[in-house]
Amino acid sequence: MRRLPPVLLEDGCPRDLISLIRTILAACKEISFRVSQGALSGVLGSTLDENIQGETQKKLDVLSNQLLKDILLESGYVKAIASEEEEGTVAGNPEADYIVAFDPLDGSSNTDINSLVGTIFSVMRVPKEADASDPAIFLQKGEQQVAAGYVLYGPSTMLALTTGKGTRLFTLDRTHGSFLLTQDFASVPAQTQEFAINASNQRHWQAPMQQYIADLLAGKSGPRGKNFNMRWIAAMVGDVHRVLCRGGLFTYPADTKNPDKPYKLRLLYEANPMAMLIEQAGGLASTGEQRIMEIEPQQIHQRVAVILGSKDEVETCLSYHQ
Ligand code: AFP
């Protein structure tokens, strides 16, 4: 089985970008180890703090953020980082060409139940002369990402990665400490009979999503004429991984539960990298109104509605929104 660096070199991926990706993965291997130790290393449970999003921080959120931040800033490959767990961006090497936005531990409420969590990252290029301390350097459309990926800490630790030439899946071989290529080109089937949504928010959704889900639930005797299955892992990284592996539609739609917060998922370090991975595997990713990767970001912690997955099913869902 092939290791990651030669696979990326063959694609013509620049060496400094490969080194940067390997730096991210070095931190992820350490996070993977800490997650796998669970209660043995005293990392489960919450801190007494809240992050910038007003969410209680898990100890593993803090630890994962610190690991990624330290290793990236020390590497010299990044001009700046943005993280779910950091209020502002953090400047790195002013001479570097890349910036990285990441969610250090997506789905961290799952840590206490020994369920799926993962790290999501998005890499963008910036001009040499760009100011490392200016958060505006992160306000790039998803289309401008040069690499996107996630590391899923599950029964095995897996990496889904794209540098714009398809989406590949790697599995961490713990005997060597290397990510080995286990699926060269992931392909999301265009059709599906599976969807993922937090149905407890149903009464807060807007009319088009209400109608779309009602039609899925109506099954064979409803307008769709077939039965649908539902899954919800409460970690986008786990739900998107399932969609990449066997298709499906994943959505976190707008809702009216909290008028100040109509959307849940973050654009720069959740929606954009997942959209790139899914599109590179033949799927679609939209807000319901626009392609996610065409959104012009306004702020680093901006949130958006997300509908992604199997092409035909996403198109059907979008037809309800027109
Ligand atoms: P965290 O990254 O704060 O753990 O949040 C996870 C998440 O943003 C996303 O990964 C899930 O799809 C979603 O939240 C789950 O939301 P519910 O709490 O509504 O199930």
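Two residues are in contact when heavy atoms of each lie within 4.5 Å. The model is predicted. Its domain assignment gives domain 1 (4-183) and domain 2 (194-321).

**Domains**

- The centres of domain 1 and domain 2, taken over C-alpha atoms, are 23 Å apart.
- To the contact, domain 1 gives 45 residues and domain 2 gives 32 residues.

**Helices α2 and α3**

- Helix α2 spans residues 15-37 and helix α3 spans residues 59-75; the two pack at an angle of about 155°, and their axes are 9 Å apart.
- Angles over 145 degrees count as roughly antiparallel, and α2 and α3 are therefore roughly antiparallel to each other.
- The crossing in which α2 passes α3 is right-handed.
- On the α2 side the contact is made by Leu20, Thr23, Ile24, Ala26, Ala27, Glu30, Ile31, Arg34 and Val35, which meet Leu60, Leu63, Ser64, Leu67, Leu68, Ile71, Leu72 and Ser75 in α3.
- Sorted by class, the residues of this contact of α2 with α3 are 12 nonpolar, 3 polar and 2 charged.
- As a general point, an α-helix has 3.6 residues a turn, so residues three or four places apart point the same way.

**Helices α4 and α7**

- Helix α4 (residues 207-217) packs with helix α7 (residues 311-321) at an angle of about 135°, with 8 Å between their axes.
- α4 passes α7 in a crossing that is right-handed.
- From α4, the residues Pro208, Met209, Gln211, Tyr212, Asp215 and Leu216 meet Glu313, Cys317, Tyr320 and His321 of α7.
- The contact of α4 with α7 is made up of 6 nonpolar, 2 polar and 2 charged residues.

**Helix α5**

- Of the 11 residues of α5, 9 are buried, so α5 is largely enclosed by the rest of the structure.
- These buried residues are Met236, Val237, Gly238, Asp239, Val240, His241, Arg242, Val243 and Leu244.
- Gly247 follows α5 and has a positive phi, near 85°.

- Asn114 is not a glycine, yet its phi is positive, about 55°.
- The loop that holds Asn114 runs between β5 (98-106) and β6 (117-125).
- The relative accessibility of Asn114 is 73%, and Asn114 therefore counts as exposed, the cut-off for exposed being over 50%.
- Ala234, a residue other than glycine, also has a positive phi, near 65°.
- Ala234 is placed in the loop between β12 (229-230) and α5 (236-246).
- With a relative accessibility of 38%, Ala234 counts as partly exposed.

**Gly177**

- Gly177 sits in the loop between β9 (167-173) and β10 (178-183).
- Its relative accessibility is 25%, so Gly177 counts as partly exposed.
- Leaving aside residues up to four places away in sequence, Gly177 touches Lys29 and Leu172.
- Gly177 and Lys29 are 148 residues apart along the chain, and their C-alpha atoms are separated by 7.8 Å.

Conventions. Residues are numbered from 1 along each chain as its sequence is written. This is a predicted model: local features need pLDDT of at least 70, side-chain atom pairs count only at pLDDT 80 or more; totals for chains, interfaces and linings use all residues. Side-chain values use heavy atoms; hydrogens and water are left out. Axes are lines fitted to C-alpha atoms, for helices over the stretch in contact, and angles run from 0 to 180 degrees between N-to-C directions. Helices (H or I, at least four residues) and strands (E, at least two) are DSSP runs, numbered from the N terminus. A crossing is left-handed if the near helix is turned anticlockwise from the far one by less than a right angle, and right-handed if clockwise. Ala, Val, Leu, Ile, Met, Phe, Trp, Tyr, Cys and Pro count as nonpolar, Asp, Glu, Lys and Arg as charged, and the others, Gly among them, as polar. Buried means under 20% relative accessible area, exposed over 50%, partly exposed in between (1.4 Å probe, protein chains only). Domain bounds come from an automatic or database domain assignment. Angles under 35 degrees count as roughly parallel, over 145 as roughly antiparallel, 65 to 115 as roughly perpendicular and the rest as oblique.
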